[in-house]
Amino acid sequence: MANIQVTGVSKAYGSKKLFEDVNVTFTPGRRYGLTGPNGAGKSTFMKILAGQLEPDAGTVSRPKKTQVLEQDHFAYESQRVIDVVLQGNRILWEALQEKERLLALPQLGEEEGMRLAELEMTIAEEDGYTAEADAGDLLTGLGIPVEAHHRLMKELEGGLKLRVLLAKALFGRPEALLLDEPTNNLDIDSIRWLEKFLQNYQGVLVTISHDRHFLNTVCTHIADIDYETIIVYTGGYDDMVLTKAQIRARVEAEYAERQKKIAQLQEFIQRFSAGSRASQVQSRKRQIEKLQMADLKRSNIERPFIRFEQKRPSGRQTLTIEGLTKHWPEKRIVERFDALVQRGEKVAIIGRSGAGKTTLCKLLVGELQPDAGTITWGHEAQVGYFPQDHRPTIPKGTTAAGWLREIDNQVSNEEIRGLLGRMLFKGEEGLKPTEALSGGEAVRLLFCKLMLEKPNVLVLDEPTNHLDLESIIALGDALERYEGTCFVVTHDQDLIDRFATRLWVLSDEGLDDFPGTYSEYLEKHPELQI
């Protein structure tokens, strides 16, 4: 298998330099996580690796069988799901299509017969006779039911279409895999399956992910975009963070020592430049020239400061659920469920996609009514809600700062600016129109809203969507420190491990209330562990 070789690659957009003169080799058998904060250029670099975008300078060589996770899930609307996956092996797919055309002819001549024999050899070499079964295994592993494998793509919902495109990228023994956010739209079971699959992959893997657990589990190396270059570290994401901090601390200490020495030499020059020690002054100037170094490039990693507080605590019994039942025509979400949640408990709501996690959140906040049973909030309970489809909750026609002022007109402009600054809205960015906010900015603005309102109960439905790793880590810190009660839907295993003291697990059997952490849950269910 061949390397992916990057030589002298640079890319900038206007005055913003993403990376310059990057030289890096991605080697078969190694699995690289491509990291860096939002805006660092991860997706841009991935497109350059894939040949979808030309760098400003430099070259990239890649194996012939390089597969890329496509992002356009409307590209195959009129094709069968299984056929889309088979197209992941272009050589096999073209051979199968040509074979079909030949077999459809009224009769085969000698030339067509010889060509058909060649195609049969190609199909055999590419494992064509087990291809549909192999493609089906990939689809099933990624949570696409068998009955959907022969449907048209346009019959699937958007999240499942993206899973089909992931199966297409994984199919056909590619020599190199380029996966941009492969865990998006995957539930915990499917992420765990993908982790196992990639751990056994022998080619070159480069993946972007905001899932820290995924990077730590899958990756043997981290390629980090920072300081306008790419530095490769050995190990997973946590190993990279530790090594990077140690290196940065050493470089900064050396830099500080040089600056101190330069200051001493400059003081000598100022004192004696007009006197009789001119030769010594010239010597000191030469020393300064040798010691002078360019300013340390500033790291582009920034972490927001999230802190959820309560105006006042709720009663001890925060939530009582009795006989809760909710069905959809095609699915039972919950049946006669009872629960008592005490103040300060932190509940992670987990389960496969489509199991009903968002439905459960809407029941908790009163957006949906149960078919039977009751949901009763305790004394002084004040609920702050972060919906999965959160964009409609932010009104258009105002600014980030203006919307926060509408929520609480008693708060001062300085407090609003400080709050926005802690959430990485710097300078004039707080005056950005709400309709122009990126996905990550919209999420951070909603966190500002919750920090302003200070509820004693949080219901957060997929809050990590659109966040970079640094922001997800900050969210984990905030949930750990929060003294109120929270209910959080997430597929991020590391985040669940950080904050959850209790799990509500949705499955085909109903809603299971597990009184413990995610690690304890996995100990009780060893079949789920990697």
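View 1. At 8% relative accessibility, Lys42 counts as buried (under 20% relative accessible area is buried, over 50% exposed and anything in between partly exposed, with a 1.4 Å probe and protein chains only). Welcome to a predicted model, in which local features need pLDDT of at least 70 and side-chain atom pairs count only at pLDDT 80 or more, while totals for chains, interfaces and linings use all residues. Residues are numbered from 1 along each chain as its sequence is written, and side-chain values use heavy atoms, with hydrogens and water left out. Lys42 belongs to helix H1, residues 42-50 (helices are DSSP runs of H or I with at least four residues, strands are runs of E with at least two, and both are numbered from the N terminus). Setting aside neighbours within four places in sequence, Lys42 touches Leu34, Thr35, Gly36, Pro37, Ile208, His210 and Ile225 (contact means heavy atoms within 4.5 Å). Thr207 is 165 residues away from Lys42 in sequence, yet their C-alpha atoms are 9.6 Å apart in space.

**View 2. Aromatic rings that pair up.** The whole structure holds eleven aromatic pairs (rings of Phe, Tyr and Trp, the last by its six-membered ring, pair if their centres lie within 6.5 Å; planes under 30 degrees apart are stacked, over 60 edge-to-face and the rest tilted). One of them is the edge-to-face pair of Trp377 and Phe487, 6.0 Å centre to centre with 85 degrees between the planes. This pair links distant parts of the chain, 110 residues apart: Trp377 in strand S13 (residues 372-377) and Phe487 in strand S16 (residues 485-489). Trp377 is partly exposed at 23%, whereas Phe487 is buried at 0% relative accessible area. Phe386 and Phe447 form a tilted pair, with 5.7 Å between centres and 35 degrees between planes. Here strand S14 (residues 383-386) supplies Phe386 and helix H14 (residues 439-453) supplies Phe447, 61 residues apart.

**View 3. Helix H5 packed with helix H7.** Look here for H5 (residues 131-141) and H7 (residues 188-199), which pack at about 135 degrees with axes 9 Å apart (axes are lines fitted to C-alpha atoms over the stretch in contact, and angles run from 0 to 180 degrees between N-to-C directions). Asp137, Leu138 and Gly141 of H5 meet Ser190, Trp193 and Phe197 of H7.
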